[in-house]
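The sequence and structure come first.

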Amino acid sequence: MDGVTIQIFGSKNCEECSSVIKAFEHHSIHFEFIDADAPENEKLCDSYNVDQLPHIQAVYNDNKKVFHTYIGYISPLVFVEKMKEHSSLLEEFFKVNKAIAQQKVDMAQIKKVANESASRPCGTCAKKNRPK
């Protein structure tokens, strides 16, 4: 996917991490390996809340925000498919919200409905306000 980088946080001494890396390489899926044991990567691991390995995530290149994460072993093909699913859900979400945002809003009608509902007490309030 354009505009996205796959980051794999792992350890050189971890069998599961090595398996993930070999699988991504086997499928020629580009990724960036970050050695979670290296002292120079401690802040980066903290910033991405990496506390278990392997930690695989897709981040946007422009702002480095994570949009999909998986912890543990996963087939690279499944991870990429999940990224695509997640991306299409985000696209659909933005399309729907854009359509909603473009609708005309009748503020007078909203105020009228709000005033009408404010003048009616709810069932619980009505019970509390009844004379004894």
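Leaving aside its neighbours within four places in sequence, which residues is H68 in contact with?

## Basis

This is a predicted model, in which local features need pLDDT of at least 70, side-chain atom pairs count only at pLDDT 80 or more, and totals for chains, interfaces and linings use all residues. Residues are numbered from 1 along each chain as its sequence is written, and side-chain values use heavy atoms, with hydrogens and water left out.

## Surroundings of H68

Beyond four places in sequence, H68 is in contact (heavy atoms within 4.5 Å) with I56, Q57, A58, F79, K82, M83 and H86. H68 lies in strand 4, residues 66-71; strands (E, at least two residues) and helices (H or I, at least four) are DSSP runs numbered from the N terminus. H68 counts as buried because its relative accessibility is 13%, where buried means under 20% relative accessible area, exposed over 50% and partly exposed in between (1.4 Å probe, protein chains only).

## Nonpolar cores

A nonpolar core is a set of buried Ala, Val, Leu, Ile, Met, Phe, Trp, Tyr and Cys residues joined through side-chain atoms within 4.5 Å. The largest one has 15 residues, and I6, I8, F24, I56, F79 and M83 have the most contacts inside it. At least two of its residues come from each of strand 1, helix 1, strand 3 (55-60) and helix 3 (76-102). A second, separate core of six residues includes I34, C45, V50 and V59.

## Strands 1 and 2

Strand 1 (residues 4-10) and strand 2 (residues 32-35) run parallel and are joined by four bridges; pairing requires at least two DSSP bridges. F9 has I34 of strand 2 as its bridge partner.
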